[in-house]
Amino acid sequence: MKRDDVIALDPVSTGLDARLGTRLAELRAEQGWSLGELAERSGLSKSTLSRTERAETSPTAALLNRLCGVYGRTMSQLLSEVEAAPAPVLRAAEQQVWEDRAAGFVRRSVSPPHGGLRGELVEGRLAAGADISYDRPPVPGLEQHLWVLDGTLAVTAEDTEHLLDTGDCLRLRVWGPTRFRCAGPGETRYVLAVVRP
C-alpha cells in the first residue's frame, strides 16, 4: 500500500490549492494517463492523486516534487502555471507563498519562471527541526545555487552532506536524491536560485 503524502486542508481552503489541483488534473489529461498510470509513474496512490486533483487535501513538498519529476517541471514552474501571467516586477505582497505545514516548510516564489528565462528565485524557510527529502530532482541536472540568509542548513546531495551557516553558498547540479535539514536551534531562511538545463 502506498503512503498518502498529503495533509488535510484547513476549513477555509486557499484558492491556490483548488487551482493547483485543476492544473495537475490538466497535466495528467494532456498526457492521456489514467490515475492508475500516474500512480505507477509517480509511486503515489491513486486515492492520494485523486484527492489532490480535487483539492480535498493540500499536497506536501515531497508529493509535488514527485509529480514535477513525472511532468518534467520544477516546482516553481508548476506553481507559476496556476497564477496569471507573471509581471516583470513582482512586489513582495504579490509573490506566491506555498506552505507545507506538516514539514515546517514555507516557500516564497520571489522570481517565478517567466517566458524566455531559465532562472528563478525561491526563498525557503524551514522551522527548527524541519527535515525534507526529495527522492529525485524534478528535472535531472537542475542547477541550484543556495544562499543561507539566516540560521544553519544541512544539505545532502550525492551522499555528501554540506553544513551551511549564515552567508554560505552551495552550488550544485542535482542528479539524484537531496535532503534539506534545519541544523540549528532556530529557523533557517535561504534563497535558492534555480537554473533549468
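Mentor: It is β5, which gives four residues to the lining of the largest cavity. Helices (H or I, at least four residues) and strands (E, at least two) are DSSP runs, numbered from the N terminus. Remember that this is a predicted model: local features need pLDDT of at least 70, side-chain atom pairs count only at pLDDT 80 or more, and totals for chains, interfaces and linings use all residues. Residues are numbered from 1 along each chain as its sequence is written, and side-chain values use heavy atoms, with hydrogens and water left out.

Start with the space itself. There is one cavity of 30 Å³ or more. A cavity is a set of points, on a 1 Å grid over the protein atoms alone, where a 1.4 Å probe fits but cannot get out; lining residues have an atom within 4 Å of a point. The largest cavity has a volume of about 320 Å³. Volume here is the space filled by probe spheres set on the points, with points joined across faces, edges and corners.

The largest cavity has 24 lining residues. Nearest its centre lie Asn65, Met75, Tyr134, Gln144 and Leu192. Elements giving two or more residues are α5 (75–80), β4 (105–111), β5 (119–126), β6 (131–134), β7 (142–150), β11 (178–182) and β12 (188–195). By class, the lining has 13 nonpolar, seven polar and four charged residues. Nonpolar takes in Ala, Val, Leu, Ile, Met, Phe, Trp, Tyr, Cys and Pro; charged means Asp, Glu, Lys and Arg; the others, Gly among them, are polar.

Six strands form an open sheet in the order β3-β4-β5-β12-β7-β10, with antiparallel pairing. So β5 sits between β4 and β12, because strands pair where DSSP finds at least two bridges between them. At the edges are β3 (96–100) and β10 (169–174), each pairing on one side only. The twist averages 20 degrees from one strand to the next; angles run from 0 to 180 degrees between N-to-C directions of axes, lines fitted to C-alpha atoms.

Follow the pairs along that sheet. β3 and β4 are antiparallel over five bridges. Asp100 has Phe105 in β4 as its bridge partner. These two strands form a hairpin with four residues between them, and Gly104 in the turn has a positive phi of about 75 degrees. β4 then pairs with β5 in the antiparallel sense over six bridges. There, Ser111 stands opposite Leu121 in β5. Further across, β7 and β12 make an antiparallel pair over seven bridges. Glu143 faces Val195 in β12.

Two other lining strands, β6 and β11, belong to another sheet. Four strands form this open sheet in the order β6-β11-β8-β9, again with antiparallel pairing. β6 and β9 (160–164) each have a single partner strand, so one side of each is left without a neighbour in the sheet. Here the twist averages 15 degrees from one strand to the next. Within it, β8 (residues 153–157) and β11 pair in the antiparallel sense over five bridges. Ala157 has Thr178 in β11 as its bridge partner.

Return to your question with that in view.

Technical notes: 1 Å grid on protein atoms, 1.4 Å probe; cavity = no way out; pocket = protein on both sides within 12 Å on 5 of 7 lines; lining within 4 Å.
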